[in-house]
Amino acid sequence: MKRYLQIGLMLLAGSFMLSGQALRRGGGPVERMLAMTPEQRERVLEKLPPGKQAELRKRFEQFDKRPPEERQRLLRQWKYMESLSPEKRELLARQMQAFNALPDDRRVVLRRALNQLSRLTPEEREARLAAEPFKSRFSATELQMLSDLSNNFPVPGKE
Amino acid sequence: MNCPLETPETADLLLAYCSRRLSPESTATLEKHLALCPSCRSFAEGQRAVWSALDSWEAAPVSADFDARLYRRIGHDLTWRDRLLRPFRPLLAYHGLPAAAAACLVLMAGLLLEHSGKPAGTPVPPDTATVEVQPEKLEQALDVMDVLSEFDRKSRPENAGSKL
């Protein structure tokens, strides 16, 4: 009985070692760089040309200033974007930039519409986007933005 | 001589006699007893009948494809579990050996992963040594995260947290 207990503990310890390694080594270079401590990252950055080093160092500092939960969320969202096809990724990034650049008054209107659309099923969303009363509130560019974003990106705060 | 049928210690004498495995001296002694003892004589005659029947019996010839059919049938009757375990059956006979072997393997793998690529005495974490630096890719990722962060902030409904 004691021997089985010892073997069980050995197996458990081995599993923990392996899973710990897998977590530490998981992900691509970007994720690993972002997960590093500033000291570890510095060792990687010093292999780059000085100009690039300074630029990236500044970007990483900005990233590190974000709260941990925000960093995790951004990493998750970035991984989601990476999982998309390059065309879809490009489209989403462009539409997000366009949304971010909207004047405040329009952004409030589009944000509400986007949140409503995100709660619908794909069929309901399609029907809503095609409905005349809905369409009349937006320009063609805004409608396309709403369609692309609501169909391809889970909006923050969506249940 | 005591009667072999009534004496447990010498009971096998009769069987050895009937199968012709008894020494000539013992055979002579036993035959003297058989001449006097009807129970032993009757037993010996019965045994002799069995032996002569076995001597005259000839097994039916085995068909040419007997082996092939037998192995096919054995293979058919085996479950997948039996087939998988068959090569390891001798090892499984020792209780605890499979678990110990699995524990050793897991520990060895863990130790190998723990120490691979790290020169002795060098405090450099293994991750930094193995990361391939692609500045463009990093910048691109950070750009996307900036856009995502701004979009997250600007598209979030009032009093709501992010889910993705």
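Me: Rings of Phe, Tyr and Trp (its six-membered ring) count as a pair if their centres lie within 6.5 Å, and the planes make the pair stacked under 30 degrees, edge-to-face over 60 and tilted for the rest. Which residues do ring pairs link into a cluster here?
Reply: The cluster is A:Tyr80, A:Phe99, A:Phe153 and B:Phe151. Over all chains, the structure holds four aromatic pairs. Before we go on: this is a predicted model, where local features need pLDDT of at least 70, side-chain atom pairs count only at pLDDT 80 or more, and totals for chains, interfaces and linings use all residues. Residues are numbered from 1 along each chain as its sequence is written, chains are lettered from A and ligands numbered from 1 in the order in which they are written, and side-chain values use heavy atoms, leaving out hydrogens and water.

Me: Why is the pair of A:Phe99 and B:Phe151 called edge-to-face?
Reply: The planes of A:Phe99 and B:Phe151 are 75° apart, and the centres are 5.3 Å apart.

Me: How do you know whether B:Thr27 is buried or exposed?
Reply: Set its value against the cut-offs: buried is under 20% relative accessible area, exposed is over 50%, and partly exposed is in between, using a 1.4 Å probe and protein chains only. B:Thr27 has 17%, so it's buried. It lies in helix α2 (residues 24-36) of chain B. Leaving aside residues up to four places away in sequence, B:Thr27 touches B:Tyr17 and B:Leu22, a contact being heavy atoms within 4.5 Å.

Me: Why are α1(B) and α2(B) called roughly perpendicular?
Reply: Helix α1 (residues 11-18) of chain B packs against α2(B) at about 105°, with the axes 11 Å apart. Axes are lines fitted to C-alpha atoms, for helices over the stretch in contact, and angles run from 0 to 180 degrees between N-to-C directions. Under 35 degrees is roughly parallel, over 145 roughly antiparallel, 65 to 115 roughly perpendicular, and the rest oblique. So the two helices, α1(B) and α2(B), are roughly perpendicular.

Me: Which residues in α1(B) and α2(B) meet?
Reply: From α1(B) come B:Leu13, B:Leu14 and B:Tyr17, and from α2(B) come B:Thr27, B:Leu30, B:Glu31 and B:Leu34.

Me: How many disulfides are there over all chains?
Reply: The count is zero. B:Cys3 is in no disulfide, with its nearest cysteine sulfur, that of B:Cys40, 3.4 Å away.

Me: What percentage of each chain is buried?
Reply: In chain A, buried residues make up 38% of 159 residues; in chain B, 23% of 164 residues. Chain A has ten helices and zero strands, whereas chain B has nine helices and zero strands.

Technical notes:
Helix = DSSP H or I, 4+ residues; strand = E, 2+ residues; numbered from the N terminus. Disulfide = S-S within 2.5 Å.
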